[in-house]
Amino acid sequence: MDFARTLCHKYREGADAPGWNEEETWMLDTASETVSGVLIVRPKGRIDSKTARDFEEILIGKLNTAPSPALVDFTGVDYISSAGLRVLLMAGKFCSKGGVGFAMFGMNPHIREVIAISGFLQILTLKDTEQEALAAVQG
């Protein structure tokens, strides 16, 4: 299993106390593996404007290296922004052009709602479980 960690820092000065500083950290861990010829990418954390570029490099990079059906496991993702949605759309289009399947699974209700509101349910495949997603891209 491959593993990558995106760690972003933002340094800001606190408003209430001059000279007081706070550091904010955003993190996205991304593991990937191949199961029965299907690439499974397992991000954990937030996919937002600060981490989406690295997520794109990992996901699209792996698809470029070895085109295959692909799944994204959302069980460890607690937030996705429009930047993250863009990466999913790119991956879906990439797989479609290559004639291989692309699906997502394990989304929490909030992320599922974001995907639905964005209209991506008509474009991308979303399943509840890994087994259902594997069947969708292999069949």
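1. Leu124 is buried, at a relative accessible area of 7%; buried here means under 20% relative accessible area, exposed over 50%, and partly exposed in between, with a 1.4 Å probe and protein chains only. Leu124 belongs to the loop between α3 (109-118) and β7 (125-127), where helices (H or I, at least four residues) and strands (E, at least two) are DSSP runs numbered from the N terminus. Beyond residues up to four places away in sequence, Leu124 touches Leu88, Leu89, Gly92, Phe102 and Met104, a contact being heavy atoms within 4.5 Å. Leu124 and Leu89 stand 35 residues apart in sequence, with 7.6 Å between their C-alpha atoms.

2. On the basis of the note: this is a predicted model, in which local features need pLDDT of at least 70 and side-chain atom pairs count only at pLDDT 80 or more, while totals for chains, interfaces and linings use all residues. Residues are numbered from 1 along each chain as its sequence is written, and side-chain values use heavy atoms, with hydrogens and water left out.

3. The overall composition is as follows. The chain has four helices and seven strands, and from the N terminus on these elements follow the order β-β-β-α-β-β-α-β-α-β-α. Of its 139 residues, 42% count as buried. Among contacts with a separation of 6 or more, 60% are between residues 24 or more positions apart.

4. How many salt bridges does the structure hold? There are six salt bridges, each defined as a side-chain nitrogen of Lys or Arg within 4 Å of a carboxyl oxygen of Asp or Glu. One of them pairs Asp73 with Arg42, with 2.7 Å between the closest N and O atoms. Asp73 lies in strand β4 (residues 70-73) and Arg42 in strand β3 (residues 38-47), so this pair ties together parts that are 31 residues apart in sequence. Both partners are buried: Asp73 has a relative accessible area of 7%, and Arg42 one of 19%.

5. Arg42 also meets the side chain of Glu130 in a salt bridge, at 3.2 Å from N to O. This pair links distant parts of the chain, since Glu130 is in helix α4 (residues 130-138) and Arg42 in strand β3, 88 residues apart.

6. A further salt bridge joins Arg86 and Glu56, whose closest N and O atoms are 3.0 Å apart. Arg86 is in helix α2 (residues 82-98) and Glu56 in helix α1 (residues 52-65), so the pair ties together parts that are 30 residues apart in sequence. Arg86 counts as partly exposed, at 45% relative accessibility. Elsewhere, salt bridges that share partners join Glu33, Arg42, Asp73 and Glu130 into one network.

7. How are α1 and α2 arranged, parallel or antiparallel? Their axes come within 9 Å and cross at roughly 10°; axes are lines fitted to C-alpha atoms, for helices over the stretch in contact, and angles run from 0 to 180 degrees between N-to-C directions. The two helices are therefore roughly parallel to each other, given that angles under 35 degrees count as roughly parallel, over 145 as roughly antiparallel, 65 to 115 as roughly perpendicular and the rest as oblique. Residues making the contact include Phe55, Glu56 and Leu59 of α1 and Arg86, Val87 and Met90 of α2.

8. Ser68 is situated in the loop between α1 and β4 and counts as buried at 12% relative accessibility. Apart from neighbours within four places in sequence, Ser68 is in contact with Gly37, Leu39, Leu63, Cys95, Val100 and Gly101.

9. Ile111, in helix α3, is buried, with a relative accessible area of 0%. Leaving out residues up to four places away in sequence, Ile111 touches Phe74, Val77, Asp78, Tyr79 and Ile80. The C-alpha atoms of Ile111 and Phe74 are separated by 8.8 Å, although the two residues are 37 residues apart along the chain.

10. Tyr79 has a charge over its ring: the charged end of Arg46 sits 4.2 Å from the ring centre. A charge sits over a ring if NZ of Lys or CZ of Arg is within 6 Å of the ring centre and within 35 degrees of the ring normal.

11. One backbone point deserves mention. Most residues other than glycine have a negative phi. Ser36, a residue other than glycine, has a positive phi near 50°. Ser36 lies in the loop between β2 (21-35) and β3 and is exposed, with a relative accessible area of 64%.
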